[in-house]
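Let's take a walk through this model, one piece at a time. Have the viewer open and follow along.

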Amino acid sequence: MIQANEFVKRYGDFTAVNGISFHVPGGTVAALVGPNGAGKTTTIRTACGILRPTSGSFQIAGIDLRSDPVGVKQRVAYVPDDPPLFESLTVWEHLMFIASAYRLKDWQSNGEALLTQFELIAKRQTLASELSRGMRQKVAIACAYLREPEVLLLDEPMTGLDPPSIRLLKRSIAQQAARGATVLISSHLLTLVEDICTHLVLMRSGDVLFSGMMSEARSQFGGTSQSLEEVFFRLTADDQWTPAKSIEAVDE
Ligand SMILES: Nc1ncnc2c1ncn2[C@@H]1O[C@H](COP(=O)(O)OP(=O)(O)OP(=O)(O)O)[C@@H](O)[C@H]1O
């Protein structure tokens, strides 16, 4: 699970995130969407312990981020939108590195299965510097999956992937949730995330405008199309909607 409580993040005088609260239940897949600059990446980078909250708190997999940041980092995998790989390591060496850093045992067959699943097995001995952008993205995702983390934070995971790879990724995310992982996906590709996400956190200008079930968002704000795109435009473009403190979060 992921729980944000009155989370505030300021960069100097600028408030990027303005006291947000939301809950993503364990074993579910949630979309984190919102216009550019809404605060999505700031929220994700704080939830995984890279940034410190200015105030407020996060509970990740039942652990308080402030009191046990190492415990959170052991349970969370974060894949940024432009994953930094080690250019002089091969694809397989990336998996070896993760296995060594996190002291994984008997990981090799799982590693091979992940490379097969993401159609990277032929690139197993290829250096990261010689991979395409989409391949780099898939290596980073495979490294995250290898750890079998309780919480997966994926920032724009579909950018740069071709349609077959997007399909593979969507299937793999469903598999991660099925084994009990909580997955939070930040994306602007609304039609792609609405296929796989049962929960929604919608941000604008540092506020959460909606947090709860995707089905609830669609039925309340999706108009006749009942689409996430319609929800997005209605909630972000129409000033009659106020930050989520006044909209009841609906969780299951
Ligand atoms: N290191 C930083 N220093 C100062 N301001 C920052 C910093 N990082 C982000 N911001 C600001 O915080 C706000 C939120 O940025 P953030 O990257 O979290 O948004 P986002 O929702 O992920 O946007 P996008 O969809 O464009 O990726 C923006 O106004 C951004 O300019």
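Start where strand E4 (residues 55-60) meets E5: the two run antiparallel and are joined by 2 bridges. Strands here are DSSP runs of E with at least two residues, helices are runs of H or I with at least four, and both are numbered from the N terminus. Two strands pair if DSSP finds at least two bridges between them. Look at glutamine 59, whose bridge partner in E5 is aspartate 64.

A quick word on what you're looking at: this is a predicted model, where local features need pLDDT of at least 70, side-chain atom pairs count only at pLDDT 80 or more, and totals for chains, interfaces and linings use all residues. Residues are numbered from 1 along each chain as its sequence is written.

Now zoom out to the open sheet, which has 4 strands in the order E2-E1-E4-E5, with antiparallel pairing. Strand E2 (14-24) and strand E5 (63-64) each have a single partner strand, so one side of each is left without a neighbour in the sheet.

Next, the ligand. Around it sit Tyr11, Phe14, Ala16, Gly34, Asn36, Gly37, Ala38, Gly39, Lys40, Thr41 and Thr42, counting residues whose C-beta atom, placed from the backbone, lies within 6 Å of it. E2 and H1 each supply at least two residues of this shell, and H1 gives the most, with 3 residues.

Finally, head to helix H8 (residues 214-221), where the buried residues are Met214, Glu216, Ala217 and Phe221 (buried means 20 or more other C-beta atoms within 10 Å of a residue's own, all placed from the backbone). Just after H8, glycine 223 takes a positive phi of about 55 degrees.

How values were computed. Buried ≥ 20, exposed ≤ 12 C-beta atoms within 10 Å, placed from the backbone.
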